[in-house]
Each structure stands twice: as C-alpha cells, then as structure tokens.
Amino acid sequence: MCRSVDVKQAVLARNDDLAATLRGDLARQGVAAVNLLSSPGSGKTELLGRVLARAVERGVPVAALTADLATENDARRLARSGAPVQQVLTDGLCHLEARQVRSRLEGWLPEDTAVLFVENVGNLVCPASYDLGETLRIVLMAVTEGEDKPLKYPTAFGSAHLVVVTKTDLAEAAGFDEAAFRTHVRQVNPGVEIVRTCARTGDGVDTVLDRALAARDGAPQHRPPLSPHPHVHEHAADGEQAHDHHTHPHPATAPAS
C-alpha cells in the first residue's frame with residue numbers, strides 16, 4: 001500500500017514540475033491557460049464553443065485543446081467557432097496531464113494567442129489532482145446534476161478559481177435549489193465567484209471570457225483552499241515563478257478572498 005502511494009506521489013510531483021515549467025513558458029508568451037473541469041454531460045463543450053465564438057467576434061485570439069478518451073467529435077464541434085482547436089485522445093486515461101498538453105502545443109499554438117482553453121476529460125475525480133500549467137481553473141456543473149455536487153467532489157470544487165453553473169434555463173424544471181448549491185460551494189471554497197450561464201441564450205458567456213482575459217492580464221485571483229498549482233508563489237520577484245516543496249493537494253496559506 002505504501003509503495004502504491006509513493007508511486008502516485010512521484011507521478012504527481014513530476015506532473016507538477018512540468019506544469020510549473022509550462023505555466024512559465026506560456027506566461028512569457030502572454031498566454032493564459034484555462035483548465036475546464038466537469039462531469040460528463042455538464043454542457044461544457046457547448047458553453048466553450050460559445051465562448052470561443054464570442055472571442056472570435058470580439059477579435060480576441062484564443063485557441064482550445066479538448067480531451068476525450070475516444071473520438072474527435074468535440075474538436076469538430078468547437079472548430080465551428082472559427083478558433084484554432086486540437087483534439088487530445090487520452091486512450092483510456094481519465095484525465096489530462098501536463099506532458100500531454102505540452103506535447104500538443106509544440107509547433108501548433110498560434111503566436112498571438114491570448115487564452116488557451118483546455119477542456120479536460122469529463123470527470124471530477126482524477127483531473128482535480130493534475131495541474132496542467134493553467135492560470136485559471138474553472139469547475140462547471142449543470143443545474144441537472146444536483147445542488148450537493150460540491151460536497152460530493154470537494155477536491156474539484158475546492159481547487160476552483162471560478163465555479164460556473166450551466167444550463168440555467170433548465171433550473172426550474174430540474175428543481176435546482178440554487179441557494180443550497182451556493183451554500184455547499186461556500187463550504188468547500190469560501191469566497192469563490194459563481195457565474196450562471198446558458199449556452200442556449202448566451203447568458204454568462206462574456207463573463208467567462210472576461211474572467212479568462214483578466215487572469216491573462218494578471219488581475220488578482222481568488223485563492224481556493226486547495227490550490228491547483230501549489231508550488232507557485234504569487235509574488236515572485238521580476239515576474240518569475242518560484243517553486244515550493246511538493247505537497248498535493250496543498251491548502252492555501254491565506255484565507256480565500
């Protein structure tokens with residue numbers, strides 16, 4: 001049992017090193033990576049497609065990586081936005097890792113990209129433990145999934161810089177108790193912003209894009225209790241990123257905003 005734990009920690013440590021390097025490389029290029037986590041069926045792909053299309057309309061240079069165990073269906077859907085899109089097939093792996101993101105970006109990511117959206121595999125367990133070199137981590141949940149989801153998946157929701165509620169047009173029909181949901185989110189991630197969205201009507205699409213651009217521009221971010229990239233000091237000198245000893249996940253050292 002101890003050997004299994006040691007191996008897992010070693011894998012996470014290697015991933016975190018790669019993620020920290022990738023984050024630094026992207027920052028020097030003026031790119032913010034946004035890691036999107038959710039369960040299958042949350043409407044993540046549809047909302048991302050709307051965000052990409054809106055970015056193209058606004059003249060914001062964006063790109064997207066989308067991950068799945070199989071098929072390139074999501075890449076084809078997202079490409080309709082007019083933004084550059086690449087599919088990552090994980091061949092059965094239930095999450096993305098930093099090495100996969102880095103390998104896909106080599107020789108592909110357009111030089112003028114401002115925001116890279118990374119649509120993770122539909123899963124709220126494994127992906128929550130893997131830093132992808134993101135600047136911003138967004139956890140999404142549809143109103144049809146139940147307001148107790150944050151309590152069932154505290155690592156995912158507790159590591160989010162932003163929580164996005166999708167399919168809000170179905171809230172009444174689904175009997176979604178938004179007040180209870182917000183209470184549950186606050187229990188695992190006090191102070192995190194919650195954005196309501198609807199891909200069908202476009203509600204919240206600009207807000208999601210604006211939050212990604214703000215992260216790219218260095219705006220102060222919410223500090224979740226479980227940091228998705230724990231080894232980076234926010235105030236390193238001269239814009240350089242410094243690294244701590246490995247712990248995973250890592251509680252924030254300051255109260256959430």
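These legends go with a handful of close-ups of a predicted model.

**Overview. A chain of nine helices and nine strands.** Helices (H or I, at least four residues) and strands (E, at least two) are DSSP runs, numbered from the N terminus. The chain has 257 residues, and 49% of them count as buried, meaning under 20% relative accessible area, with exposed over 50% and partly exposed in between (1.4 Å probe, protein chains only). Take the contacts (heavy atoms within 4.5 Å) with a separation of 6 or more: 74% of them link residues 24 or more positions apart. Residues are numbered from 1 along each chain as its sequence is written, and side-chain values use heavy atoms, with hydrogens and water left out. As this is a predicted model, local features need pLDDT of at least 70 and side-chain atom pairs count only at pLDDT 80 or more, while totals for chains, interfaces and linings use all residues.

**Close-up 1. Helix α2 (residues 44-57) packs with helix α9 (residues 205-216).** Their axes sit 9 Å apart at an angle of about 70°; axes are lines fitted to C-alpha atoms, for helices over the stretch in contact, and angles run from 0 to 180 degrees between N-to-C directions. That makes α2 and α9 roughly perpendicular (65 to 115 degrees; under 35 is roughly parallel, over 145 roughly antiparallel, the rest oblique). From α2 come Leu 47, Arg 50, Val 51, Arg 54 and Ala 55, which meet Val 205, Asp 206, Val 208 and Leu 209 of α9.

**Close-up 2. Phe 176 and Phe 181 form a tilted aromatic pair.** The structure holds one such pair. Ring centres lie 5.6 Å apart with planes at 50°, so the pair counts as tilted (centres within 6.5 Å make a pair of Phe, Tyr or Trp rings, the six-membered ring for Trp; planes under 30 degrees apart are stacked, over 60 edge-to-face, the rest tilted). Phe 176 and Phe 181 are both buried.

**Close-up 3. Helix α4 (residues 98-105) and its buried residues.** Ala 98, Gln 100, Val 101 and Leu 105 are the buried ones here. Down the axis of α4 they fall within an arc of 165°, so they line one face of the helix; the arc is that of the directions from the helix axis to the C-beta atoms. After α4 comes Gly 107, with a positive phi near 75°.

**Close-up 4. Thr 71 and Lys 167, two non-glycine residues with positive phi.** Thr 71, at about 70°, lies in the loop between β2 (62-68) and α3 (73-79). Thr 71 is partly exposed, with a relative accessible area of 41%. Lys 167, with phi near 60°, lies in the loop between β6 (162-166) and α7 (171-174). Lys 167 is also partly exposed, at 26% relative accessibility.
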